[in-house]
Amino acid sequence: MSAMTIENASRRNFLQGVAGLTLSFCLPAVAAPAAAGKATTVSFEPNAFLRIGSDNSVTVIAKHLEMGQGTYTGLGTILAEELDADWKTVRIAGAPADAARYNNLFWGPAQGTGGSTAMANSWDQLRQAGASARAMLVSAAARRWKVAASEITVRDGIVSHPPSRRSLRFGELAADAAREAVPANVVLKEPKDFRLVGKHAPRKDSTEKTNGKAVFTQDIQLPGMLVAVVAHPPRFGATVKSFDAGAAKRVKGVVDVVQIPSGVAVLATDTWSAKKGRDALTVDWDESRAFKLGSEEILARYREMAQQPGLVAHQAGNTDQAFAAAAKVVKASYDFPYLAHAAMEPMNCVIRLSAEGCEVWNGEQLHTGDQHQLAGIFGLKPEQVKINMLYAGGSFGRRANTKSDYVVEAAQIVKASGGKAPVKLVWLREDDMRAGYYRPLFHHSLEAALDANGKLTGWRHRLVGQSILMGSPFEAMMVKNGIDGVSVEGAANLPYAIPNLRVDLHTPTDIAVPVLWWRSVGSSHTAYSTEVFLDLVAKAAGKDPVALRLELLGDKPRHSGVLRLAAEKSGWGTPLPPGAPGTRRGRGIAVHESFHSYVAQVAEVTVAADGTLKVDRVVCAVDCGIAINPDNVRSQVEGAVGFALAAALHGEITLKGGAVVQGNFDGYPLLRIDEMPRVEVHILPSAAKPTGIGEPGVPPLAPAVANAIGAATGKYPGRLPFSTAELRA
Amino acid sequence: MIRLNVNGKLHAVDVAPDTPLLWVLRDTLGLTGTKYGCGQALCGACTVHVDGVPQRSCTTPVSAVAGRKIATIENADRSRVGKAVQEAWRKLDVVQCGYCQSGQIMSAIALLSQNRKPTDADIDTALAGNLCRCATYVRIRAAVHLAAKSLA
């Protein structure tokens with residue numbers, strides 16, 4: 001950290017680091033010389049991520065959204081480690097929207113959460129922030145005690161000078177520390193000295209999430225606030241032709257009915273009245289430009305497209321020659337449906353206009369993009385859009401919408417109703433499930449060439465599906481030569497050493513179904529097609545699935561590492577205990593890297609004679625670099641298993657004539673507790689920098705289960721979700 | 001006016017009789033710990049106790065529970081079983097996003113009030129109506145067992 005500049009700007013020191021790291025250090029507004037021990041309200045704010053109060057409170061400012069993935073706890077752990085804070089006293093607060101201080105360092109100037117980047121992009125930043133603050137506290141203590149800083153130790157929020165047996169708590173040094181210069185260089189801990197990282201730091205949100213006090217957007221109630229429920233069009237692309245609000249306005253509690261670009265909104269004093277008002281509306285929709293294809297028609301079209309070569313995403317060697325010379329060719333195709341995120345908290349947003357600008361309450365995932373969208377609607381500057389960060393009741397990618405769909409809808413309602421009252425937009429479950437922004441429907445076809453010795457010599461993989469990133473602000477960064485990187489991630493970078501390989505892609509642009517990233521994005525389908533197909537190859541070559549993978553992963557030690565660990569812990573190669581009479585049992589494995597983390601899973605299944613499938617046990621091995629909070633890593637992978645299993649067993653959004661069929665959990669079932677397998681998570685020790693864990697547990701699950709089904713029944717499902725009928729004995 | 005007994009407090013609320021108890025708790029009484037998830041008794045996020053029995057408040061018209069004893073998550077720590085369940089949930093860090101957990105906990109309290117030594121199958125049956133999109137089910141099971149142990 002050399003080449004830093006410090007500039008004083010209205011009692012704030014901005015400190016610029018190297019290598020794109022911008023830390024803003026703000027000194028306290030009030031730092032009156034206080035007598036030691038005298039109670040004041042002074043606080044020490046050495047940087048944008050930390051506030052220490054004279055009451056000994058330690059508050060870590062989290063720049064990322066807590067949507068369940070444990071990010072608040074993880075971010076707090078990193079900073080508290082270098083600060084040597086007492087974990088019990090650490091509190092976490094969500095950062096405001098301010099990309100100058102809180103940008104995602106992997107996203108350039110934008111603030112937001114996604115791609116399992118929170119720990120990875122914050123690791124160095126928060127270690128520096130914690131270590132700088134610790135150094136300033138030590139300096140302040142050295143000055144007060146007139147001793148050398150090198151004689152001072154810090155542990156659990158207490159600064160001590162052992163030779164003179166003096167010690168002070170952080171709060172008692174806060175005022176003095178605030179007057180210390182921000183150090184130009186700090187020494188970070190050696191991993192062997194970690195006391196929180198890699199150990200057990202309990203979640204910071206467990207108490208308030210078990211007593212009903214945690215605040216979600218749905219819980220916000222402002223003075224004079226109205227609740228809006230919206231009548232949305234029955235098909236994507238339809239618009240309002242006309243509407244009759246007479247009956248809606250007669251519902252007690254309904255205050256206003258307004259037309260907005262995305263439908264007709266009913267505003268009421270409470271949620272139930274707004275819903276009754278919405279249900280009483282008569283809307284005539286203009287569907288002349290609406291999208292009217294069904295899922296089966298889309299899939300038929302994709303299968304047709306897959307007959308022709310697409311744009312090349314990756315090419316190595318000469319696949320034509322490999323297939324011409326093949327002794328055996330294996331072929332398979334895979335179909336993946338649209339999937340809804342279906343977070344337990346349906347999308348919602350609160351917006352209030354004021355003389356200064358606009359204020360938002362949201363489980364905010366794309367701060368900078370949402371600020372720009374709202375500024376555009378209200379004619380404000382982006383910095384006039386103040387965002388209050390709340391917990392999100394799940395997201396799985398849904399709240400990170402580059403079109404800001406539900407945030408924009410809330411703003412349009414505020415605007416159409418004259419901005420008089422704050423508005424809480426509430427999507428009912430059906431609004432949420434039918435709003436689009438699904439994991440795109442995909443069709444994959446694969447072919448493998450084997451030589452006479454059963455060696456895999458050629459691999460062709462063709463994908464057909466809509467692009468998530470084209471037309472989004474991420475297009476410039478992640479769409480290259482017509483290839484959307486997230487359409488082919490996990491396929492174009494197949495880890496296996498195959499001499500002749502070709503991956504190509506068709507991106508239909510005339511399908512008007514809005515699509516979005518869904519937990520693990522492209523890997524949610526590419527891990528399935530590649531790993532299930534590889535088991536078919538192993539079968540054709542007469543090889544063990546683990547042995548074949550290890551043979552092909554020669555130069556990929558992290559893939560091999562998790563694969564070996566999962567195989568060992570699951571008892572791979574030992575016979576499975578038989579199930580009840582008439583049932584078939586099987587064990588399957590899959591390995592996949594996503595977001596720079598490596599996960600292998602072994603699934604054990606029992607298939608009944610009628611095709612009913614039960615996943616009994618899943619053994620997971622994970623390499624995510626340094627595991628900051630090992631218990632949270634386990635928790636995320638356990639949850640990822642359940643999330644992915646819900647999709648494999650039940651997940652499917654279908655369109656009929658362009659209209660979404662499913663509206664609630666009866667048509668789109670989530671996993672229930674009685675379907676949840678036993679899950680074991682083993683973490684590979686690592687000294688590598690931390691990588692993500694919110695998503696990487698998802699991709700290997702469905703292929704591991706499919707390969708277990710294959711081992712049990714000889715049938716490897718080619719379509720998701722799995723069909724019970726196809727698995728009958 | 002409809003008279004309600006919520007967490008031992010008496011309220012008179014001026015709402016349409018068909019209003020689901022869920023929205024009265026949340027919008028009228030400000031008890032926002034009980035969550036909306038589906039509106040059709042499909043997810044269990046809105047689970048409360050009515051005379052000690054778990055019930056989905058999103059499909060319970062407020063007029064149907066007038067005068068009966070309603071208990072919500074905000075009241076959970078007032079009973080020995082409730083406290084044990086909350087402590088077990090915290091000890092095992094069950095929660096992820098947390099949105100469904102009020103309902104999970106209310107169902108778990110009801111189970112342990114009836115059955116002090118539930119098996120995995122008992123737990124699966126009692127909590128099968130409570131969806132968790134984060135799929136914290138492994139820990140929910142473990143936490144119910146831990147709470148049962150602490151109550152033994």
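Analyst: On the interface, 45 residues of chain B are in contact with 48 residues of chain A, where contact means that the C-beta atoms of two residues, placed from the backbone, lie within 7 Å. On the chain B side, the elements that give two or more residues are α1 (21-28), α2 (80-91), α3 (101-114), α4 (120-127) and α5 (137-151) of chain B. Helices here are DSSP runs of H or I with at least four residues, strands are runs of E with at least two, and both are numbered from the N terminus. By class, this side of chain B has 24 nonpolar, 13 polar and eight charged residues; Ala, Val, Leu, Ile, Met, Phe, Trp, Tyr, Cys and Pro count as nonpolar, Asp, Glu, Lys and Arg as charged, and the others, Gly among them, as polar.

The model is predicted: local features need pLDDT of at least 70 and side-chain atom pairs count only at pLDDT 80 or more, while totals for chains, interfaces and linings use all residues. Residues are numbered from 1 along each chain as its sequence is written, and chains are lettered from A and ligands numbered from 1 in the order in which they are written.

Chain A has 18 helices and 32 strands. Buried residues make up 55% of chain A, a residue being buried if 20 or more other C-beta atoms, placed from the backbone, lie within 10 Å of its own.

The domain assignment, automatic or from a database, divides chain A into domain 1 (5-193), domain 2 (217-288 + 347-426) and domain 3 (295-338 + 438-727). Between domains 2 and 3 of chain A, 11 residues of domain 2 are in contact with 12 of domain 3. The domain 2 side of this contact has four nonpolar, five polar and two charged residues.

Chain A also holds an open sheet of five strands with mixed pairing, in the order β16-β26-β23-β22-β17; two strands pair if DSSP finds at least two bridges between them. Its edge strands are β16 (311-316) and β17 (328-336) of chain A, each pairing on one side only. Five bridges join β16(A) to the antiparallel strand β26 (residues 500-506) of chain A, and A:Leu311 has A:Leu505 in β26(A) as its bridge partner.

Note on methods
A residue is buried if 20 or more other C-beta atoms lie within 10 Å of its own, exposed if 12 or fewer, and partly exposed in between; C-beta atoms are placed from the backbone.
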